[in-house]
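Subject: Structure handover

Hello,

Here is the structure for you to look over. My notes follow below it.

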Amino acid sequence: MTSITAKGHAKAFCERFGLRLPILLAPMAGSTPAALAGAVANAGGMGALGALNTTPDGIGEWARTFRAQSNGSFQINLWIPDPPPVRDAAREAAMAEFLAGHGPRPPIPEGPLLPDFTAQCAAMLAAGPTVISSIMGVFPDDVIAQAKARGIAWFATATTLAEAREAVAAGADAIIAQGAEAGGHRGAFDHAAAEGQLTGSIALIPRFADALEVPVIATGGIGDARGIAAALTLGASAVQIGTGFLRCPEAAIHPVWAEAIAAAEPEGTLPTRMFSGRLGRGIANAVIRAAAPPIADYPVQRGLFAPIRAAAEKAGNHDAMQMWAGQAAFLARAEPAADLTTRLWSEAQSLLP
Ligand SMILES: Cc1cc2nc3c(=O)[nH]c(=O)nc-3n(C[C@H](O)[C@H](O)[C@H](O)COP(=O)(O)O)c2cc1C
């Protein structure tokens, strides 16, 4: 690290990306409504849309709704698609049989399981966000070139220094260092390597900050002012908070999920492939603790689990619900998002020299 102070790094980052404070709402597919993003942006932070399962039209609609409430900064995030899944009829049938014990018997998924990525990229660029962000790889060259031509920055999620360097070489303007504490999916570029790339934030942040020329955004396990001050002290220029915003009223998640977050001990969350086939950290409930047959490839497993998820949400069934959460879930507060954002930065500043 250079001799610039933690507050100095944060200030430079905020000036560059139009923020008044260095707190970013984490993109969370399905859980970043415009009301939540607008509240964080109005408090001076950066809003976010996790657009994985949003149609191209839906991306434009989300941006219009956001702009109706805020003229602040926001990012739109996409998952970089994996190679096509290897289909395995016997494995998928065994998984469907297992899942039938936790909800309705799921049909074997067929056809496209997610919106078209190329069309989503076009809609994302057309929406004109401050930032586009990626997880699980790097954007195609033409998307990066178009973003740069439009003055849109690119933040790339990485879980190892090698991934971060690959993204910087491809043109990333900042790297999101995703520590193993993080709720939701792991950003490993190679999905098969995810279990071997579970480095915690306290080691990952200074590794990236020392080795990279671009700003580092810390994400994973940050839920209060102590975490923010620690991340900035370790060399991050900003923090990105996911689970810590999920109990805010604007997040509007299922009440059973919100209660599970409030009650979770750090060891009460586990990395699992049950919900999608990709590794992600969620509340350790009965369905992810059960002795399951081999998991299907992403996104086939996601398709298999979808009916279980829907039925569990309808019934308020904790045992089979998909409840993403990070290890610092216990820090999440049921507080309006703008108040939370303002309070966190005010308290963090008093902890920093
Ligand atoms: C419900 C949920 C959904 C998520 N969806 C995405 C996503 O679509 N794209 C992404 O880059 N990260 C996603 N993540 C990961 C977050 O962006 C971030 O890395 C993580 O929440 C940080 O850890 P924390 O939860 O401890 O704050 C998700 C996390 C959660 C909790």
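Start with Pro299, which sits in the loop between α11 (286-289) and α12. The peptide bond joining Tyr298 to Pro299 is cis, with omega at about -5°. Please keep in mind that this is a predicted model.

Look for Met136 in the loop between β4 (131-135) and α6 (141-149).

Now α12 and its partner. Helix α4 (residues 89-99) and α12 have axes that come within 10 Å and cross at roughly 20°. α4 therefore counts as roughly parallel to α12, since the angle is under 35 degrees. The crossing of these two helices, α4 and α12, is right-handed. On the α4 side, the contact is made by Glu92, Met95, Ala96 and Leu99. On the α12 side, Val300, Gln301, Leu304, Phe305 and Ile308 take part. By class, the residues of the contact of α4 with α12 are 7 nonpolar, 1 polar and 1 charged.

There is another helix pair to check. Helix α7 (residues 161-169) packs against helix α8 (residues 201-211) at an angle of about 40°, and their axes are 10 Å apart. That angle makes α7 oblique to α8. The crossing of α7 and α8 is right-handed. Here the residues of the contact split into 4 nonpolar, no polar and 2 charged. From α7 come Leu161, Ala164 and Arg165. They meet Arg207, Phe208 and Ala211 in α8.

Next, the pocket. What is the volume of the largest pocket? It is about 780 Å³. The lining of this pocket has 47 residues. Pro27, Met28, Gly183, Gly184 and His185 lie nearest the centre.

Which element gives the most to that lining? It is α12, with 4 residues.

Best wishes

Notes: Residues numbered from 1 in each chain as written. Predicted model: local features only at pLDDT ≥ 70, side-chain atom pairs only at ≥ 80, totals over all residues. Heavy atoms only, no water. 1 Å grid on protein atoms, 1.4 Å probe; cavity = no way out; pocket = protein on both sides within 12 Å on 5 of 7 lines; lining within 4 Å. Points joined across faces, edges and corners; volume = space filled by probe spheres on them. Axes fitted to C-alpha atoms, helices over the stretch in contact; angles between N-to-C directions. Parallel < 35°, antiparallel > 145°, perpendicular 65-115°, else oblique. Left-handed = near helix turned anticlockwise from the far one by under 90°. Contact = heavy atoms within 4.5 Å. Nonpolar A, V, L, I, M, F, W, Y, C, P; charged D, E, K, R; others polar.
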